[in-house]
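Good morning. Please have a look at the structure on the screen, and then I will go through a few parts of it.

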Amino acid sequence: MPSVHRARTGTHRRAHLAVPWVVGIVAAAVALSGASAGYAFISAASCGGTSRATVAVTPGVSGVLAALAKEWTAGEPKVDGRCATVTVVPREPALVAQELTYGVGAVLPDAWVPDSSAWLPANRRGAESLGRSPVVLAMPAPMAAAIGWTNTPPRWRELIARPGWEASGHPEWGPFRLAVRDPLRSTAALHGLVALLDRDANAALSDQELDGAAALREARAATEDDGEPLLDALRRADTAGPGGATALASAFPALEREVRAYNAAAPRTPLVSVRPLDAAADADFPYALLDAPAERRRVARAFLEYLRSAAGQQRLRAAGLEAPSPTGFPLDVTAPSRAAQRWTALSRPVNALLVLDVSGSTAERAQGYGRSRWEVMKEAAVSVTADLGPDAQVGIWIYATRLDGMRDHRELLPPGPARATHMALPTVLGTTEPGGNCGLYDTAIAAQASMRARLHPGTTTVVVLISDGRDEDDTGGPTAEEAHAALASDTRRVPVVTVALGADADVNALRALSAATGAPSYRSTDADLANTLRAAMAGPVGD
């Protein structure tokens with residue numbers, strides 16, 4: 001996994017994951033903002049020293065884990081003869097998943113409790129579950145009663161082509177509005193999305209099943225496109241008057257504990273939990289020990305032992321978590337990430353410039369492949385552009401040195417509809433051969449300036465630049481410091497997301513380059529380049 005620096009303290013703020021490159025900014029803010037907003041508890045007992053650990057926790061249960069940390073510390077626990085303390089930091093799962101999977105943000109806690117194992121990288125699966133909450137179909141109670149699903153629940157796939165409410169005797173409710181929240185902000189949406197696409201209910205997704213995302217996108221009600229959380233929007237609509245909730249959404253995937261919490265406020269129109277016949281995977285709240293130093297890892301493990309205790313389990317059950325499933329997490333390891341990547345690619349209006357390194361080093365054989373790194377880059381570019389939605393715009397540049405007179409870059413395709421770019425790529429990339437040095441810095445400046453002139457309201461405008469080496473510009477290009485200043489100089493700066501490809505890429509230089517524009521930098525192997533590009537262009541998800 002990527003090298004990272006560990007943050008010992010942190011603060012929580014809501015992550016606006018609708019803009020992919022904001023994730024890196026938020027992650028950095030979490031790392032640098034100090035301990036005041038975390039929940040840190042230190043025993044007052046006399047000690048020969050204090051051992052600490054930081055546990056990042058999904059916001060939905062961070063409060064109860066903070067209370068448990070306080071209770072644990074009040075018992076004056078010792079680890080290796082030293083007083084032990086835990087800092088509980090609320091963190092959105094997608095932020096930590098991105099840091100673990102791609103090295104973005106370079107900030108990791110010592111242990112992590114997301115609300116689902118779907119967020120864990122493959123090598124972290126199997127972490128112990130603290131409890132579970134079923135993923136259900138939440139519906140306004142009158143609608144569930146009218147359609148009969150409280151007694152005879154449907155299958156998830158039945159929701160996609162559901163007829164309007166006139167067929168159920170309620171034309172005043174209009175069409176059947178299926179709401180699918182952003183799967184990078186809602187675990188229930190992520191699990192529900194897999195269930196909606198998984199036609200054969202085998203907990204895995206084939207390419208053909210993923211193709212159903214386009215039809216689902218057309219059928220769903222776009223209730224969260226403006227960034228307002230769906231449950232907050234429902235509360236506001238319900239408060240505004242009778243029928244407000246039924247006008248907003250007919251059904252949506254939710255955690256059962258979310259439904260209970262919503263109804264606890266006694267809304268005019270309560271929600272009911274419908275459990276489809278082909279049940280979605282439960283949210284399983286795993287406690288994952290990360291690659292912490294040994295002392296901090298022992299503290300994190302000791303806190304887990306307390307969470308396993310009768311007192312800990314009682315508090316977790318009272319917070320709405322059911323006992324862990326004895327069968328473990330059921331989803332195929334790739335299903336959540338593939339579903340989320342396809343959905344975000346289809347749903348988010350992206351205006352991107354993809355900048356490909358064609359310097360001489362890309363002619364070398366890619367690790368684990370019988371062909372060159374340039375061939376791997378071409379295949380990844382073709383694959384990623386195939387997944388983008390009808391509103392996406394993508395342009396293609398290549399760079400090395402002296403590709404166009406003294407310029408180190410050349411435009412192959414201007415930003416245009418992603419489908420047209422995808423169709424043209426095999427031809428325009430097929431005539432390009434690697435060669436020359438790497439004119440990294442002047443290319444990054446030029447790419448940002450080009451996309452600044454193409455800013456469109458309501459879209460994510462971004463430069464995604466791949467490099468497998470370091471700046472070796474022999475044409476008199478800018479220094480690193482000059483490049484950073486130029487990239488940061490405009491208040492309307494376009495984020496330049498860099499991808500360090502392979503072991504020889506200058507990771508620190510690329511990270512600094514992206515940081516100057518407020519963007520993250522990714523690390524990728526040759527084999528995972530397509531997935532890394534999807535994350536860079538459309539937002540992150542753990543895999």
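This is a predicted model: local features need pLDDT of at least 70, side-chain atom pairs count only at pLDDT 80 or more; totals for chains, interfaces and linings use all residues.

Which residue of S17 is the bridge partner of Tyr399? That is His409. The strands concerned are S16, residues 393-404, and S17, and they pair in the antiparallel sense over seven bridges. S16 and S17 form a hairpin, with two residues between them. In the turn, Gly405 has a positive phi of about 70°.

Now the sheet. Six strands form an open sheet, and the order is S17-S16-S15-S18-S19-S20, with mixed pairing. Strand S17, residues 407-417, and strand S20, residues 521-524, stand at the edges; each has a single partner strand, so one side of each is left without a neighbour in the sheet. On average, neighbouring strands here are turned by 20° against each other, direction ignored. Helix H18, residues 507-515, packs on the sheet. H18 touches strand S18 (460-467), strand S19 (496-501) and S20, and its direction makes about 170° with that of S19.

Next, a pair of helices. Two packed helices are described by the angle between their axes and the distance between the axes. For helix H14 (residues 373-387) and helix H15 (residues 418-430), the axes come within 8 Å and cross at roughly 165°. An angle over 145 degrees counts as roughly antiparallel, so H14 is roughly antiparallel to H15. The crossing in which H14 passes H15 is left-handed. On the H14 side, the residues making the contact include Trp374, Lys378 and Ala381. On the H15 side, Ala418, Thr421 and His422 are among them.

Last, the aromatic rings. How many aromatic pairs does a search of the whole structure find? The search finds four. Trp72 lies in helix H2 (residues 59-74) and Phe303 in helix H11 (residues 294-308), so the pair ties together parts that are 231 residues apart in sequence. Are these two residues buried or exposed? Both Trp72 and Phe303 are buried. There is also one aromatic cluster, formed by Trp149, Trp165, Trp173 and Phe176.

That is the end of my part. Thank you.

Conventions: Residues are numbered from 1 along each chain as its sequence is written. Side-chain values use heavy atoms; hydrogens and water are left out. Two strands pair if DSSP finds at least two bridges between them. Helices (H or I, at least four residues) and strands (E, at least two) are DSSP runs, numbered from the N terminus. Axes are lines fitted to C-alpha atoms, for helices over the stretch in contact, and angles run from 0 to 180 degrees between N-to-C directions. Contact means heavy atoms within 4.5 Å. Rings of Phe, Tyr and Trp (its six-membered ring) pair if their centres lie within 6.5 Å; planes under 30 degrees apart count as stacked, over 60 as edge-to-face and the rest as tilted. Buried means under 20% relative accessible area, exposed over 50%, partly exposed in between (1.4 Å probe, protein chains only). Angles under 35 degrees count as roughly parallel, over 145 as roughly antiparallel, 65 to 115 as roughly perpendicular and the rest as oblique. A crossing is left-handed if the near helix is turned anticlockwise from the far one by less than a right angle, and right-handed if clockwise.
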